[in-house]
2 protein chains.
Amino acid sequence: MDVTIKDVARAAGVSASTVSRVLSGNPKISPETQEKVRLVLRNLKYHPHAGARSLVTGSSRTIGLVTSRPGAETFANPFFPEVIRGICSVLEVAGYNLVLSTAQGEANQRKSCLDMLRSRHVDGVILTSSRLGDELIDALVSEGRNFVLIGRPADKAGNLSHPAVYAVNNDNILAAAVATAHLVSGGHRRIAFVTGPQHWVYCYDRLQGYRQGLSQAGLPLDPALVQQGNITQQDGNRAVDRLFSLPEPPTAILAMDDTLALGALEAAQRRGLRVPADLAVAGFNDSPIASWTRPTLTTVRIPVFDLGAMAARMLAGLLDGTHARPHQVILPSEIIIRESTAGN
Amino acid sequence: MDVTIKDVARAAGVSASTVSRVLSGNPKISPETQEKVRLVLRNLKYHPHAGARSLVTGSSRTIGLVTSRPGAETFANPFFPEVIRGICSVLEVAGYNLVLSTAQGEANQRKSCLDMLRSRHVDGVILTSSRLGDELIDALVSEGRNFVLIGRPADKAGNLSHPAVYAVNNDNILAAAVATAHLVSGGHRRIAFVTGPQHWVYCYDRLQGYRQGLSQAGLPLDPALVQQGNITQQDGNRAVDRLFSLPEPPTAILAMDDTLALGALEAAQRRGLRVPADLAVAGFNDSPIASWTRPTLTTVRIPVFDLGAMAARMLAGLLDGTHARPHQVILPSEIIIRESTAGN
DNA sequence: GAACTCATGCCATACGTTTGCACAACCCGT
DNA sequence: ACGGGTTGTGCAAACGTATGGCATGAGTTC
């Protein structure tokens, strides 16, 4: 059997409570006793029982991670491992473990997340993305749970919905507007937008940014130029096919994800279009592939590692009571201009 | 406060033990009582306290994941997210949660892994890779822990070390030998091998496969043609630089990872070499980038998702006592021949 | 109607920890 | 010598759950 705090107490000739206090660094224990207990702790290779501890303290030094992005995207671009790396880099020094939800699908994930909190008693949760009118966020708020969102809490109409929710995000609207402006500055007047499911806030926001970019340039929005699908290469292909069956095809495509941009690039070249001469293409995320395509791909770089690290830092601070700071923080993104839009 | 099993018992007019037995599906409870209790469980939104449960049962329906690969590789290729996807796909239906070790560095990870088992009482562990003479494996074996290795347990000399350890792997030796044979069949006689740190078993194995491939073709092994570094693009660059400062440079390069192959490709082209005419290049892993390079990259495809799923399946079976099957399973890999070796 | 079986559900205990409270020992100033 | 404060340590209760053994009562058999 495992060695318990009582075994240590007996071996050290003190009471269990004393051992517990030594463990928790309680200053009211005399140095000699501390030494004595510490020695025994080491000799007996004592390891605290996290379950028992959480039973009485209510906390488990554990936080949950919900990766509510669609599976295809999750592994197609480096978002997922990068954000985890960022989170771990902070959590390691803060002394928390990370529990992953293994659930797939919206309803399952919502259930799984709430379960981590209610049953497994994780101290808090990080969500890696949000939906318009996200029910999980509603539930977490109404239960008063500690959590940080990577993204932005938005209602069904796309407006900021829970202003008190801790969130870390990049300004997707601005980023898409900047990318659109970049294409405009290349002389483009008919710019298409290829996007994913609009229930994802980040998809929605990037579309808003595109619209904003157009209107700032005084360009009309042609609904036929907005192509929506899932976030796969094949959807990128399809978008190009549809766009080029239009009476007046676009001269530039802004895709809300590199995966889509890749698909668009592929389809364009298969059609014999020269990129960027006949069609400019830009993407989002600066995935490693973006610098290997021919032509290389213009894209918006998102600080994914920092997004994760900041979220973890906020959550850890929140739990330790050391974070009274702003509820929402925006990290800067950066447009990386490469050959696929070198049309100036 | 949370609703406990006693609250349910009181509301249902039964004892706590009865509720517990209903929860665990004990057949000695009459159907009527079961219904009554189930109703109250739902009404009161009861959620079991995992900590308390693990305190008495010793198990936590949780398994740990140790990602002992170097950070650079972890996020450069899709190995990490893919293997997690595979693991989760199985664990979700088996009803386990996944705890990630957040530790970095060998010693920390070893400590963190053992800690998950001893303190957090995870029921088992999956290791995503192994070292020659891996001390973590020794420790796990000597403590009699339940774990599955993705890879192969090897001693300092590279020989199979713990034959009873559950492991799932692809045959890296064979795969590298096949890749080497492919290059040989393209007429190459001077084939270089670019590899990573030899303390990783999979690096070591792929080197063995390369040697084996050479000797099967009756070719000598020239130590100068074996370049070792870390697993980054830059190391791929450097390898080419060194290889082409040799009096007799190679006509083909086999890299043990696509990241290295990418770096090699880049450096070769910067030197004005035509690939594959002047230099053939092949990699490992079939990362998405491999089909976007010019020329596209020949590579060995590893069934990463299946590796994860199989490991999870073995571990879950092991814990439920339903797995008496083989201790070591080998999954097939496949060479994907593309332009970068189209030299026949 | 007694003895016996059997299904059903309760009691008590155990799991390993933390923590409020009590208390013993000591020091200090009077 | 005495009261009043410290300082260090132990006692015991609590956290929420699972489970072996036992009590209860109904049904069965002679």
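How many residues does the contact take from chain B and from chain A? It takes 48 residues from chain B and 48 residues from chain A, where contact means heavy atoms within 4.5 Å. The structure is a predicted model, in which local features need pLDDT of at least 70, side-chain atom pairs count only at pLDDT 80 or more, and totals for chains, interfaces and linings use all residues. Residues are numbered from 1 along each chain as its sequence is written, chains are lettered from A in the order in which they are written, and side-chain values use heavy atoms, with hydrogens and water left out.

Chain B can be laid on chain A with an RMSD of 0.1 Å. The superposition is by least squares on the C-alpha atoms of residues with pLDDT of at least 70 in both copies. It takes a turn of 180 degrees and a shift of 0.0 Å along the axis. The two copies are therefore related as by a two-fold rotation axis. The same surface serves both copies, as 100% of the contact residues of chain B recur in chain A.

About 4300 Å² is buried between the chains. This is the accessible area (1.4 Å probe) lost on putting the two parts together, summed over both. Carbon and sulfur atoms give 59% of the buried area. Polar contacts number 17 residue pairs, both residues at pLDDT 80 or more. Such a contact is a pair of N or O atoms within 3.5 Å; within protein, one must be able to donate a hydrogen and the other to accept it, and residues adjacent in sequence count only if both atoms are side-chain atoms.

On the side of chain B that touches chain A, helix 6 of chain B gives the largest share, eight residues. Helices (H or I, at least four residues) and strands (E, at least two) are DSSP runs numbered from the N terminus. Strand 2 (residues 97-100) of chain A pairs with strand 2 of chain B in the antiparallel sense, over three bridges; pairing requires at least two DSSP bridges. Leu100(A) has Leu98(B) as its bridge partner.

Two backbone features stand out. The peptide bond from Val275(A) to Pro276(A) is cis, with omega near 10 degrees. Pro276(A) lies in the loop between helix 12 (258-270) and strand 9 (280-284) of chain A. His121(A), although not a glycine, has a positive phi of about 55 degrees.
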